[in-house]
Amino acid sequence: MRRILSLARAEVLHVVRDHATMAQVFMVPIIQLLVLSNAATFAIRDTPAYVVDLDRTATSRGLIRRFAASGHFKIVEQSDSQALSNEALLDGRVTMVLTIPHDFESSLVRTGVAPVQIVVNAEKGSAAGIVQSYAGRILASYSAELTSVLRPSFRAAQSLSPPPSRGSPHIDVRVRSWYNPTLDYRDYMVPGILVSLVTLIGTLLTSQNIAREKELGTLEQLNVTPITRGQFIAGKLLPFWALALIDFGIGLTVGWLVFDIPMRGSLVLLFGVAAIYLVVALAIGLWISALVETQQQAMFVTFFVMMVYLLMSGLFTPVDSMPRWVQLLSEFTPVRHFVQISRAILVKGAGLAEIARPLVILVVYAAVMLTLAVRQYSKRTA
Amino acid sequence: MSALLGLLRKEAYHIRRDRRTLAVLIFMPVVQVILFGFAIRTDVENVRLAIVDPAPDHATLALRNRFAATDNFRLTAVVPRVEELEGLFQRGTVQQAIVFAPGFADRIARGLPARVLIITDATEPNTGSAAQGYALTVIQTYERDLIAQQKTASAAGANVRIVLAVRMRFNPTRESSNLFVPGLMAFILTVISALMTAISLTREKETGTLEALLVSPLKPWQIIVGKVLPYLAVGFVSVLLVILEARLIFDVPLRGSLFLLLAEGLLFILVSLSLGILISSRTSSQRVAMMGAMIGTMLPTMLLSGFIFPIESMPLPLQIVTNVVPARWFVEIARSIMLKGVGLAYLWQETLVLAGMAVVLLVASTRSFSERLA
Amino acid sequence: MTAGALAIEAKELTRTFGTFVAVDRITFDVRAGEVFGFLGANGAGKTTAIRMLTGLLAPSGGRATVAGHDVATQTEAVKRNIGYMSQRFSLYEDLTVAENIRLYGGIYDLSAREIRERTDRMIGRLGLAHAASTYVRSIPLGWRQKLAFSVALLHEPRVVFLDEPTSGVDPITRRQFWELIYETAAAGTTVLVTTHYMDEAEYCDRISIMVAGRIAAIGAPADVKREFGADSIDELFVQLARRDPARAKPATPERTP
């Protein structure tokens with residue numbers, strides 16, 4: 001134990017005295033959290049829209065007003081030229097074009113049915129689908145409004161017979177958005193970003209660590225001492241583990257103070273899981289470090305591993321959207337499980353029972369990675 | 001000139017000898033495109049659905065059948081009480097629940113509003129909205145069919161309906177890969193060009209070999225060209241590989257001119273390389289250079305270029321910041337050429353911005369390089 | 001350990017890297033309390049041999065014991081009984097003198113009291129009392145080397161390996177360094193030292209000269225000189241080194257991984 005502590009203390013001194021590392025550990029996460037949380041959003045609001053109103057009636061203007069007032073669309077241009085609207089779509093000024101035909105109102109009055117067309121720039125994939133569903137909802141509610149305005153005669157005729165609500169089947173649908181009723185992306189992103197930050201910092205620092213000692217020659221001096229491989233790895237891991245936990249705490253505080261992220265579950269549980277998860281992240285770093293010869297190699301391997309881990313973890317894009325085989329692969333990504341757990345605890349208020357499955361996977365992962373790291377580090381050249 | 005050639009040859013040797021790095025340089029893009037092309041998607045499919053139906057009757061069963069028949073949903077749980085949903089949501093077994101009120105069929109028959117509650121896990125807002133949209137469509141279709149059944153003759157068209165005709169342009173099937181692959185190109189080029197140059201120059205500084213080059217008759221710009229050209233070549237090969245993969249594996253269309261795309265790619269590589277030189281001229285150790293390259297180039301490319309996250313969704317200050325991120329312009333150019341098939345007539349502004357950045361950064365980095373070292 | 005017992009015993013010790021034979025069946029022994037000079041040209045195999053004896057490198061053949069423990073099988077027992085000062089300066093430059101000592105004291109399982117006592121004694125003996133809390137990076141090379149030597153002796157090992165401890169050090173410091181070596185040997189610790197300074201070789205109880213992975217000469221400096229009819233170790237060294245067939249070709253690397 002004394003050996004581990006001695007090594008750990010020296011390691012803390014290395015970190016504390018290296019200003020670049022200190023900045024990296026404490027400033028970078030905060031800045032990143034602030035930038036990332038604002039940047040990492042798929043929120044779709046203010047979709048720039050072009051309106052071609054060929055009808056120019058009170059009804060068509062009403063529809064345009066509904067679009068503008070919905071908060072989902074921003075009408076940036078309006079004309080009656082389809083060519084101009086196409087131009088705007090092509091050069092990227094607008095994402096959607098709404099075209100109202102010239103017989104819009106009259107058709108509604110006569111037959112009760114009228115088409116409008118939207119053209120969506122679907123370059124951006126699923127965002128286009130959401131835009132479409134917003135447009136659909138606006139049209140549905142406007143139709144309902146119009147029913148009473150445009151066809152009063154029909155209403156009147158009907159009122160002689162039993163009221164309309166009687167005869168026609170009617171389903172009353174209510175929609176609840178649990179856990180994130182305001183649909184704020186930050187509630188979703190911040191817990192995930194916290195995970196990615198401690199992962200990046202922890203893994204990068206540890207992966208450089210042994211490689212650097214190899215380059216400096218100080219590792220050889222340690223290798224002629226009777227310290228065991230397990231003690232060595234423990235002594236290296238402990239300081240970074242504590243550091244990363246502190247980082248996690250700082251990040252959580254910033255998330256709470258600045259972004260007011262929800263904290264529905266138990267923070268003690270969250271830190272407990274973080275403690276286990278960090279063993280995985282740091283052991284991966286140490287394993288890489290023992291594997292390579294130079295810091296440069298360590299960096300490349302770490303980057304590669306981290307990129308794969310982060311992008312497959314469901315941090316940015318939901319795991320549910322991935323094809324089956326990628327979902328299976330992502331089970332091997334520790335980041336995925338911790339992202340899932342921290343969202344479950346913070347946003348949904350999950351307890352130990354609800355996170356049991358990913359937690360067990362993390363514990364197994366920790367054991368495997370620690371063993372690998374200890375075995376990869378060899379005090380002797382074969 | 002022959003001195004320059006000698007330097008070029010030396011740099012090519014370095015790259016070739018360091019097999020591990022070369023392997024990373026060549027294979028990383030290939031693997032990344034495959035993996036991320038598949039992994040980075042935002043399509044919402046197979047929503048995990050729970051049904052809460054305390055008193056099943058013929059109407060709820062009919063509606064449940066409709067949910068089961070849709071490709072968008074996968075029924076993962078049927079529970080009797082709403083209280084049991086919380087745990088399912090927290091575990092992630094369920095993303096959305098349809099809750100039927102008792103007496104559903106009865107109320108429909110009597111013309112009273114029959115109540116259905118849709119509860120959605122909106123942790124990820126877009127997935128939540130999309131899932132709600134799917135569920136609403138299923139229920140509304142069912143309702144419309146009921147109305148049609150009941151009022152075959154009388155009073156058709158009692159309600160006003162505006163029919164929506166939708167056209168999806170440029171990516172009609174809304175393939176996520178079409179969206180992400182052009183962005184991925186920018187990302188990979190940044191990693192190779194900026195990161196590699198920054199590291200390789202700083203390494204020469206650390207090992208002291210750069211001093212040997214500086215006391216030689218080579219001029220600073222020649223040293224830079226010598227260091228940078230091989231990486232330019234490697235970067236160019238990666239672009240070709242990525243475009244090839246995009247075509248063969250993901251069927252990403254290339255509607256515009258290949259030549260224009262390659263030329264723009266070259267311009268972007270130049271910008272990234274200059275950034276790499278600038279970083280290396282201001283740092284003294286590989287570790288700092290690496291951090292600088294990561295914070296200065298990789299993260300902005302990933303987050304602020306529109307590669308994954310749409311720029312329109314960001315708050316205004318960040319949107320302004322994205323203007324100085326070179327990748328933002330290249331992502332826009334690459335997407336426009338590949339998906340929209342437009343030419344320089346539409347892209348001259350973006351191209352001009354990139355070219356401007358290239359000039360400024362090249363001058364700045366050459367100057368900074370010679371100031372610091374010569 | 002009784003006087004005359006063997007501190008190091010090597011029999012046919014061999015190490016190959018691929019087809020290159022770095023150390024070729026060397027056999028020698030070092031008695032307890034001896035100062036043993038380990039000489040040889042760059043690339044002759046000295047460092048490889050030391051790395052095997054300290055348990056850093058697995059032997060390809062033969063066997064060796066250090067302080068009575070087999071270097072191939074009882075590596076950890078060997079490590080408890082040896083100190084090692086490598087060619088490259090291997091203390092942490094961003095730690096202070098006292099912190100470096102404390103680190104290694106902890107790693108060798110010394111108690112807090114022992115560490116404190118030995119730190120004081122060592123710093124006093126080295127005349128570094130004023131510099132105990134300076135960063136190692138800012139003290140001069142000569143002192144750094146003496147410090148590294150003292151740290152290698154911190155846990156009172158039975159055998160200490162010094163790989164070119166005085167290279168790049170001024171003559172006065174070199175002399176002081178050798179005084180430290182003598183003190184250490186007088187206290188009963190066996191010292192195996194490599195050097196390129198032939199005057200230093202004369203200070204050793206016994207020396208060996210390695211050529212192309214083999215031991216070409218071994219014995220007390222005077223005996224060896226007599227055996228080869230050389231006036232000085234310097235002359236002897238050049239004479240032996242010329243026999244090395246590899247010297248005709250470009251030099252082989254001194255340190256092979």
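Me: How many helices and how many strands does chain A have?
Reply: This is a predicted model, and the counts are read from it chain by chain. In chain A the secondary structure comes to 16 helices and five strands.

Me: Which residues of α15(A) take part in the contact with α9(A)?
Reply: The crossing of these two helices, α9(A) and α15(A), is right-handed. By class, the residues of their contact divide into seven nonpolar, three polar and one charged. From α9(A) come Pro191(A), Gly192(A), Leu194(A), Val195(A) and Thr199(A), and they meet, on α15(A), Val335(A), Phe338(A), Val339(A), Ser342(A), Arg343(A) and Leu346(A).

Me: Is chain B as compact as a globule, or more spread out?
Reply: Chain B has 14 helices and five strands, and its C-alpha atoms fill a box of roughly 95 × 45 × 40 Å along the principal axes. For 374 residues the globule rule gives 21 Å, and the radius of gyration of chain B, 29 Å, is well over that, so chain B is more spread out than a compact globule.

Me: Are helices α1 and α9 of chain B parallel or oblique to each other?
Reply: Helix α1(B), residues 2-17, and helix α9(B), residues 220-248, have axes that come within 9 Å and cross at roughly 45°. Angles under 35 degrees count as roughly parallel, and those from 65 to 115 as roughly perpendicular. The two helices, α1(B) and α9(B), are therefore oblique.

Me: How many nonpolar, polar and charged residues are in the contact of α1(B) with α9(B)?
Reply: The helix α1(B) passes α9(B) in a right-handed crossing. Among the residues that make the contact are Leu4(B), Leu7(B) and Ile15(B) of α1(B), together with Ile223(B), Leu229(B) and Val234(B) of α9(B). By class, the contact of α1(B) with α9(B) has 11 nonpolar, two polar and two charged residues.

Me: In the four-stranded open sheet of chain C, which strands are the edge strands?
Reply: The order of this sheet is β2-β1-β4-β5, and the pairing is antiparallel. Within the sheet of chain C, five bridges join β1(C), residues 6-17, to β4(C), residues 61-66, and Ala10(C) stands opposite Ala64(C) in β4(C). Helix α1(C), residues 46-53, lies across β1, β2 and β4 of chain C, running at about 120° to β1(C). The strands that pair on one side only are β2(C) and β5(C).

Me: What is the pairing in the six-stranded open sheet of chain C?
Reply: Four bridges join β6(C) to β7(C), residues 159-163, and these two strands run parallel, with Gly83(C) opposite Val160(C) in β7(C). Helix α6(C), residues 171-186, lies across β3, β7 and β8 of chain C, at about 150° to β8(C), while helix α9(C), residues 233-242, touches β3, β9 and β10 of chain C and makes about 30° with the direction of β9(C). Across the whole order β6-β7-β8-β3-β9-β10 of chain C, the pairing is mixed.

Me: Which element of chain C supplies the largest share of the side that touches chain A?
Reply: The contact takes 25 residues from chain C and 21 residues from chain A, and those of chain C divide into 11 nonpolar, six polar and eight charged. At least two residues each come from α2, β6 and α3 of chain C. The largest share, five residues, comes from α3(C).

Me: Of the two pairs of chains in contact, which share the most contacts?
Reply: Chain B and chain C are joined by no contact, and their closest C-alpha atoms lie 15 Å apart. Of the two pairs that are in contact, the most contacts are shared by chains A and B.

Note on methods. Residues are numbered from 1 along each chain as its sequence is written. Chains are lettered from A and ligands numbered from 1 in the order in which they are written. This is a predicted model: local features need pLDDT of at least 70, side-chain atom pairs count only at pLDDT 80 or more; totals for chains, interfaces and linings use all residues. Axes are lines fitted to C-alpha atoms, for helices over the stretch in contact, and angles run from 0 to 180 degrees between N-to-C directions. Angles under 35 degrees count as roughly parallel, over 145 as roughly antiparallel, 65 to 115 as roughly perpendicular and the rest as oblique. A crossing is left-handed if the near helix is turned anticlockwise from the far one by less than a right angle, and right-handed if clockwise. Two residues are in contact if their C-beta atoms, placed from the backbone, lie within 7 Å. Ala, Val, Leu, Ile, Met, Phe, Trp, Tyr, Cys and Pro count as nonpolar, Asp, Glu, Lys and Arg as charged, and the others, Gly among them, as polar. Two strands pair if DSSP finds at least two bridges between them. The radius of gyration is taken over C-alpha atoms; the globule rule is 2.2 Å times the number of residues to the power 0.38.
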